[in-house]
Each structure stands twice: as structure tokens, then as C-alpha cells.
Amino acid sequence: MTGEEMERAIEFLLQSQANLEAQVAGLGQHVAEMGQHVGEMGRQLSAYAETQSQFIEVVTTAITNLADAQARTERTVNDTNVRLGQTDERLNKLIGLFEQHIIAGH
């Protein structure tokens, strides 16, 4: 190999090394940017999870309140039915007395 060929080979190797270093630096920058994006996505997911957690809490409270209200309504309806039954019994007794009074000719 002549001196000129050796110089060209060395120049080629140096240029290749410089290109490789530039590519590695570019990849390093790309990796750093990806890390920033992943960090931002993590923050966004965390905020989303917190929002979802709050939403679930609100919905759970609302459903619990509705269930309690339904239970109160059912108790009120049951109490009303009992009282209606008692009223029917009293009316039937009154009707019976009234019928006996009429049959007796009063």
C-alpha cells in the first residue's frame, strides 16, 4: 500500500468514525427525547387515573345514596300498605255495623 492509499484509508476510517459518532450522538438525543415523552405520558396517565378514581368515587356515592333512598321508599310503601290494610279492616267493621243497624230496622 502506497502512502497515498494509506492516507486515503486513514481519512476514510476517520470519516467513518466521525459519522458513527454523529449517529450515536443523534441516537442519544433521540433516546433523551423519548425519555421526556415517556415521562410526560406517565404524568398524563397519572392525572387520568386520578380523574377516573374521583369519578368512580362520585358514582359510587351517588349509587349508594340512591340505594338508601330506594330502601326508605320501600319501607314507606310497606308502612302505607299495612295502614291501608288496617283501614280496610276498620271500614269493613263499620260497614258490618251499619248493615246490622239497617237490617235491625233502625
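How many salt bridges does a search of the whole structure find? In this predicted model, the search finds 2 salt bridges.

One of the salt bridges joins the side chains of Arg-8 and Glu-4, with an N to O distance of 3.9 Å. That pair counts because a side-chain nitrogen of Arg within 4 Å of a carboxyl oxygen of Glu makes a salt bridge. Both residues, Arg-8 and Glu-4, belong to helix H1, which covers residues 3-103. They are 4 residues apart, about one turn of the helix. Glu-4 has 56% relative accessibility, so this residue counts as exposed.

What of their exposure to the surroundings? Arg-43 is exposed, because its relative accessible area is 53%, where exposed means over 50%. Glu-40, at 35% relative accessibility, counts as partly exposed.

The surface also carries a nonpolar patch, formed by Met-1, Met-6, Ile-10 and Leu-14. Together, these residues have about 460 Å² of accessible area. Met-1 lies in the segment before H1, and it counts as exposed because its relative accessibility is 72%.

Notes
Residues are numbered from 1 along each chain as its sequence is written. This is a predicted model: local features need pLDDT of at least 70, side-chain atom pairs count only at pLDDT 80 or more; totals for chains, interfaces and linings use all residues. Side-chain values use heavy atoms; hydrogens and water are left out. Helices (H or I, at least four residues) and strands (E, at least two) are DSSP runs, numbered from the N terminus. Buried means under 20% relative accessible area, exposed over 50%, partly exposed in between (1.4 Å probe, protein chains only). Patches are made of residues with over 30% relative accessible area and no salt bridge: like charges are joined within 9 Å, nonpolar side chains (Val, Leu, Ile, Met, Phe, Trp, Tyr) within 5 Å. Accessible areas come from the Shrake-Rupley method with a 1.4 Å probe; for residues, only the protein chains shown count as cover.
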